[in-house]
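Subject: A structure for you to explore

Hi,

Here is the structure I promised to pass on. Have a look around first, and then read my notes below.

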Amino acid sequence: MSFNNKVVLVTGASSGIGAAAAEAFSSEGAQVVMVGRNETKLSAVAAKCNKPFVIRADVANDDDARRIIDETIERFGRIDILINNAGVSGVAKLISGKIIDIYDKIMPINLRAVVLLTSLATPHLIKTKGNIVNISSVAARLMDSRSGTAMYNVSKAALNHFSLCAAEELSRYGVRVNTISPGPVVTDILVNTNAKATWDDFKKITCLDRVSDPVEIVDLIIMSFKNKVVLVTGASSGIGAAAAEAFSSEGAQVVMVGRNETKLSAVAAKCNKAFFIRADVANDDDARFILDETINRFGKLDILINNAGVIIPESILNVNVLKSYDTTMGINLRAIVHLTSLAASHLIETKGSIINISSVGGQMVPRPGSGFSMYYVSKAALNHFGLCIAAELAPYGVRVNTISPGPVRTNIFNDLNIDVDNFCNSTALQRVSEPKEVADLILFLSSDKAKAITGSNYVIDNGIFICRAMK
Ligand SMILES: NC(=O)c1ccc[n+]([C@@H]2O[C@H](COP(=O)([O-])OP(=O)(O)OC[C@H]3O[C@@H](n4cnc5c(N)ncnc54)[C@H](OP(=O)(O)O)[C@@H]3O)[C@@H](O)[C@H]2O)c1
């Protein structure tokens with residue numbers, strides 16, 4: 001990724017995640033605009049960046065918010081990326097009588113300021129077809145009355161929903177809006193909140209028994225897979241082929257699995273020393289063969305990409321529906337359960353990771369008449385399988401994540417004589433993805449840069465969900 005000539009505005013850049021983001025963007029060539037209230041801390045971070053533009057301002061003050069955008073435009077004439085990161089926490093229980101004081105402290109910064117800055121930045125972001133990243137928190141989904149953080153949790157839940165609404169509204173102007181929801185990250189937030197909890201307390205509530213460093217949240221940048229052994233199923237075309245090529249170009253030893261030898265050879269020819277195994281993942285002997293061959297040849301396995309999948313359309317009104325069920329579930333679910341169990345002990349040795357390729361279909365119902373029910377059911381089951389094994393393997397240091405693509409230009413639709421471009425109108429961004437876009441996400445999630453991420457299900461759908469939610 002290069003951010004040369006991009007103007008990136010980061011709020012809350014004086015410490016923690018915002019500071020790490022400012023440094024990372026700066027080292028990637030961006031012109032960073034750093035916003036914060038504490039001048040001493042801002043200067044310390046600025047000293048580590050390349051010619052940043054520092055604005056001392058309180059995002060919760062409307063005049064300051066306008067000044068932030070005006071000064072940025074005056075200086076650089078554009079904004080490409082807005083990182084709404086500034087946030088505060090605060091503790092008060094409902095029965096304490098102080099809840100409204102905490103509400104009034106948190107909401108103006110964590111929500112109102114984001115709404116105002118977003119609306120002020122929007123005309124400029126439309127011009128650059130830029131994007132917005134809102135830093136939320138897993139707390140948006142928590143309801144722990146003992147901690148007294150209800151108002152913080154509420155602010156982040158509201159921020160998540162604001163992001164969805166903004167993503168839908170701005171998608172038609174080519175501006176993307178996304179949210180990042182970190183779990184515990186070691187920053188100044190506990191000190192600033194006068195919280196009694198320590199980072200060790202937070203460690204205890206995570207499956208991986210660790211808390212994150214701010215760099216993990218922003219470091220989506222340099223990934224190396226040198227000496228990693230990566231097994232990709234369904235590597236003969238589409239997303240699997242793109243993933244095999246991408247891993248290979250990052251230095252990994254790729255083991256490619258598929259049934260069609262001609263196609264496998266064609267993809268292998270684009271990779272560096274790729275090793276391919278012609279096998280049917282739904283065949284139990286073949287599955288054992290895949291793992292045995294990989295371990296015999298390379299002695300270890302670092303990353304398993306369970307990508308092979310099929311769509312066998314059939315209506316529930318047709319007696320053949322069980323045929324569709326058996327084949328679909330055999331490849332899209334049973335084979336993944338089997339391969340994962342065969343790979344688990346090897347992944348534990350390398351503290352490796354697993355990525356399951358699901359689909360947005362796992363969280364939706366198909367359009368009547370499409371015959372996609374069995375496919376959607378298989379992906380819904382795969383989503384839950386991903387969660388269950390993420391919990392089971394976390395104590396061994398193995399991460400498990402799911403990716404749910406929307407429509408991607410691959411053979412899966414060609415083979416059904418469906419023009420994938422027909423789906424453009426169902427997406428907020430009015431486009432479908434190329435396989436490489438999913439491969440990029442696969443690489444990130446399986447890299448050490450994502451060491452804090454397990455049990456996630458990343459949607460990469462050009463906004464199909466938000467589009468459906470409106471209808
Ligand atoms: N394209 C999309 O819009 C989209 C959207 C959401 C999710 N996905 C998911 O993405 C994954 C990859 O699909 P794709 O879109 O890249 O489609 P694709 O181009 O048709 O690729 C499917 C791959 O799976 C392999 N495969 C299928 N059955 C297999 C079996 N029994 N054993 C071994 N390999 C098998 C195929 O290889 P051989 O034919 O050589 O066996 C092929 O390499 C699937 O899990 C799919 O559900 C795709």
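Let's start with the overall shape. Keep in mind that this is a predicted model. A compact globule of 471 residues would have a radius of gyration near 23 Å, and the protein has 23 Å, so the two agree. Along the principal axes, the C-alpha atoms fill a box of roughly 65 × 50 × 45 Å. Inside the fold you will find 16 helices and 13 strands.

How do the contacts run along the chain? Counting contacts between residues at least 6 apart in sequence, 68% join residues at least 24 apart.

Buried residues account for 52% of the 471. The protein exposes about 22100 Å², with carbon and sulfur atoms supplying 53% of that area. As for charge, there are 48 positive and 45 negative charges, and their mean positions lie 2 Å apart.

In soluble globular proteins, nonpolar side chains tend to be buried together. Here, the largest nonpolar core has 41 residues, and Leu9, Val35, Ile55, Val59, Ile68 and Leu125 touch the most other members. Strands E1 (7-11), E2 (31-36) and E3 (53-56) each supply at least two of its residues, as do helices H3 (62-76), H4 (99-128) and H5 (150-171). Which element gives the largest share of this core? That is H4, with twelve residues. Apart from this core lies another, of 34 residues, including Phe225, Leu441, Ile442 and Leu443.

Enjoy exploring!

How values were computed:
Residues numbered from 1 in each chain as written. Predicted model: local features only at pLDDT ≥ 70, side-chain atom pairs only at ≥ 80, totals over all residues. Heavy atoms only, no water. Helix = DSSP H or I, 4+ residues; strand = E, 2+ residues; numbered from the N terminus. Rg over C-alpha atoms; globule rule 2.2 N^0.38 Å. Buried < 20%, exposed > 50% of the residue type's maximum accessible area, 1.4 Å probe, protein only. Contact = heavy atoms within 4.5 Å. Areas by Shrake-Rupley, 256 points an atom, 1.4 Å probe, with all protein chains shown as cover. Lys, Arg positive; Asp, Glu negative; His and termini not counted. Charge placed at Lys NZ, Arg CZ, Asp CG, Glu CD. Core = buried A, V, L, I, M, F, W, Y, C linked by side-chain atoms within 4.5 Å.
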